[in-house]
Amino acid sequence: MITEETALAVLLAKRAELTQRLLELEDDRRRHGAAIPAGFAEQASACENDEVIDRLAEATRLALMQTQRALDHLDIGHYGVCTRCGGRISFARLDAVPEATECAGCVAQPNPAQTTESVIAG
Ligand SMILES: [Zn+2]
């Protein structure tokens with residue numbers, strides 16, 4: 001069973017790791033953008049690399065946002081409460097996904113018109 005202290009430690013470590021990864025990816029991207037390869041084959045390969053880096057950076061950015069969201073929830077004492085239905089998120093799910101802000105039941109459903117962000121803001 002995950003406690004709030006464990007969750008905080010795990011989430012802070014995760015945020016630090018993701019922030020570092022994002023910085024490295026952005027650094028990679030800048031370096032790739034600056035160097036223009038001479039040959040067509042090299043250019044094509046550089047473009048593919050940029051796409052891979054962009055996708056990784058985007059995924060990392062989303063994971064970072066999700067981790068921050070969970071930390072915000074901890075901060076206001078809402079950790080483990082589903083942002084969609086307001087129910088408890090199971091300990092098993094939090095154990096597996098400490099940054100989860102939605103219960104397994106809600107995640108399995110298609111996204112409603114209301115986003116997680118608007119729930120938090122409201
Ligand atoms: Zn829910």
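Q: What pattern does the chain follow, read along the sequence?
A: Helices and strands here are DSSP runs (H or I, at least four residues, for a helix; E, at least two, for a strand), numbered from the N terminus. In this chain the pattern is α-α-α-α-α, with five helices and zero strands. Keep in mind that this is a predicted model, where local features need pLDDT of at least 70, side-chain atom pairs count only at pLDDT 80 or more, and totals for chains, interfaces and linings use all residues. Residues are numbered from 1 along each chain as its sequence is written.

Q: What is the mean pLDDT of the chain?
A: First the term: pLDDT is the predictor's confidence in each residue, from 0 to 100. For this chain the mean is 87, and 85% of the residues reach 70 or more. Over residues 118-122, though, the pLDDT is below 50, and this stretch has four contacts in the model beyond near neighbours in sequence (a contact means C-beta atoms, placed from the backbone, within 7 Å of each other).

Q: Which elements of the chain have the lowest and the highest mean pLDDT?
A: Helix α5 (residues 116-121) sits lowest with 49, while helix α4 (residues 104-107) is highest with 95.

Q: Which residues of α2 are buried?
A: A residue is buried if 20 or more other C-beta atoms lie within 10 Å of its own, exposed if 12 or fewer, and partly exposed in between, with C-beta atoms placed from the backbone. In α2 the buried ones are Thr 60, Thr 67, Ala 70 and His 73. For the chain as a whole, buried residues make up 16% of the 122 residues.

Q: Which residues form the largest nonpolar core?
A: A nonpolar core is a set of buried Ala, Val, Leu, Ile, Met, Phe, Trp, Tyr and Cys residues joined through C-beta atoms within 7 Å. The largest has nine members: Ala 7, Leu 11, Ala 70, Tyr 79, Cys 82, Ile 89, Leu 94, Ala 100 and Cys 103.

Q: Why does Leu 11 count as buried?
A: Leu 11 is buried because it has 21 other C-beta atoms within 10 Å. You'll find Leu 11 in helix α1 (residues 4-34). Setting aside neighbours within four places in sequence, Leu 11 contacts Thr 67, Ala 70, Leu 71, Pro 98 and Glu 99.

Q: Where is Ala 100?
A: Ala 100 is in the loop between α3 and α4. This residue is buried because 23 other C-beta atoms lie within 10 Å. Not counting residues up to four places away, Ala 100 touches Ile 89, Arg 93 and Leu 94.

Q: What does Glu 102 contact, leaving aside neighbours within four places in sequence?
A: Glu 102 is in contact with Cys 82, Thr 83, Arg 84 and Val 107. Glu 102 counts as buried because it has 20 C-beta neighbours inside 10 Å.

Notes. Two residues are in contact if their C-beta atoms, placed from the backbone, lie within 7 Å.
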